[in-house]
Amino acid sequence: MIESYLDKVLTPWLREKPLTPGDISLIVADVQSRLRSALEHWSDPLFRDTLLSAAAEEALFYQPRRAPLEIRALVVLCVRNSLVEDWCSDLVERAVLLSDQAVVELTQGAIRHFAAWREVWPTAPLRAGDQDVFGLLPVHYPAAWRAFEMLAALDEATLAMQYAPLPPRRPDIPRQPLLSRRPRTVVLSGASPVIDPTLGGILAGIQDRRVGFFTVDSFKRLTRNSDKLLKVVEFVFACQKPFVTLNYYLSNGYVARRRRLWQPAHRGADLERRLGRSDVLRDVTPRQREALESFIAAARST
């Protein structure tokens, strides 16, 4: 099923784009390893739902909507969040960029393919020598993984959940100076694992208690790299601070969500406009509202 997608859908699609054979090989190999790792754990519902929980925020708005959300989230996680991102971001200096419409074609084709195979998926697609890309995330980032596990259990009827916290394993993130109250634009692919100076400075501010919480528009606006996302969340938890997006509030022992999720912003500059919306504080829990109010006040003061 994976090879069928790679051979009959993804590779022919990539060959229609102005990409080199080397570019295509890199993308296909990355998508393959991500799919094999994700499907290795597919028969474990708890692991599967936790792994897909961050991707589901974006996948909720993917087409075709009739496809199950878990299929759309799989495509976000394994196809959209793959190295294909290096040819999608207009912040990355490449001679060839894939247009927004091309990305829509890519994801819709993948969703249709995997939705058709859903009932006959293999249970152990990993092969000798394959890397389990996602398998060690719970080990490396236990507190963050537990938070996403709880997040996966929330819905419009259950907006918040309190649970027993886990001791975080503070990731080794090099300290950076807090550059300014208004972070500069960062030229970096969303798939990159790099902690850039701006992000490192914000995390240093959280560690030194100069910043009260970590706030970002959405998970994808921080990164499309699962390891990097959990690393940042684990670090924030180790500093005993919450991680807040416009849709979610995560802390070590309590998670919450917006009743009706907002579609993640397409551009980073959209955050200030979204913070100015009259309904930004509606349909959220009190803890999330308090954090958003503080962030809005800070944004207006700058």
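H113 sits in helix α5, which spans residues 100-117. Helices here are DSSP runs of H or I with at least four residues, strands are E runs of at least two, and both are numbered from the N terminus. This is a predicted model: local features need pLDDT of at least 70, side-chain atom pairs count only at pLDDT 80 or more, and totals for chains, interfaces and linings use all residues. Residues are numbered from 1 along each chain as its sequence is written, and side-chain values use heavy atoms, with hydrogens and water left out.

**H113.** H113 counts as buried because its relative accessibility is 11%. Buried means under 20% relative accessible area, exposed over 50%, and partly exposed in between (1.4 Å probe, protein chains only). Leaving aside neighbours within four places in sequence, H113 contacts M1, S4, Y5 and V9. A contact means heavy atoms within 4.5 Å. A polar atom of the H113 side chain lies 3.5 Å from the backbone nitrogen of Y5.

**The chain.** The chain holds twelve helices and five strands. Of its 302 residues, 54% count as buried. Among contacts with a separation of 6 or more, 72% join residues 24 or more positions apart. The accessible surface comes to about 14,200 Å², and 50% of that belongs to carbon and sulfur atoms. These areas come from the Shrake-Rupley method with a 1.4 Å probe; for residues, only the protein chains shown count as cover.

**Cavity and pocket.** Both are found on a 1 Å grid over the protein atoms alone. In a cavity, a 1.4 Å probe fits but cannot get out; a pocket is an open set with protein on both sides within 12 Å along at least five of seven lines. Lining residues have an atom within 4 Å of a point. Points are joined across faces, edges and corners, and a volume is the space filled by probe spheres set on them.

The structure holds one cavity of 30 Å³ or more. Closest to the centre of the largest cavity are A54, A55, N81, S226 and L229, out of 21 lining residues. For the second largest pocket, A56, L60, L69, R257 and L261 are closest, out of 20.

| Space | Volume | Most from α3 (residues) |
|---|---|---|
| Largest cavity | about 220 Å³ | seven residues |
| Second largest pocket | about 470 Å³ | five residues |

The pocket lining has eleven nonpolar, one polar and eight charged. Here Ala, Val, Leu, Ile, Met, Phe, Trp, Tyr, Cys and Pro are nonpolar, Asp, Glu, Lys and Arg charged, and the others, Gly among them, polar.

Terms used: Polar contact = N/O pair within 3.5 Å; in protein donor to acceptor, adjacent residues only side chain to side chain.
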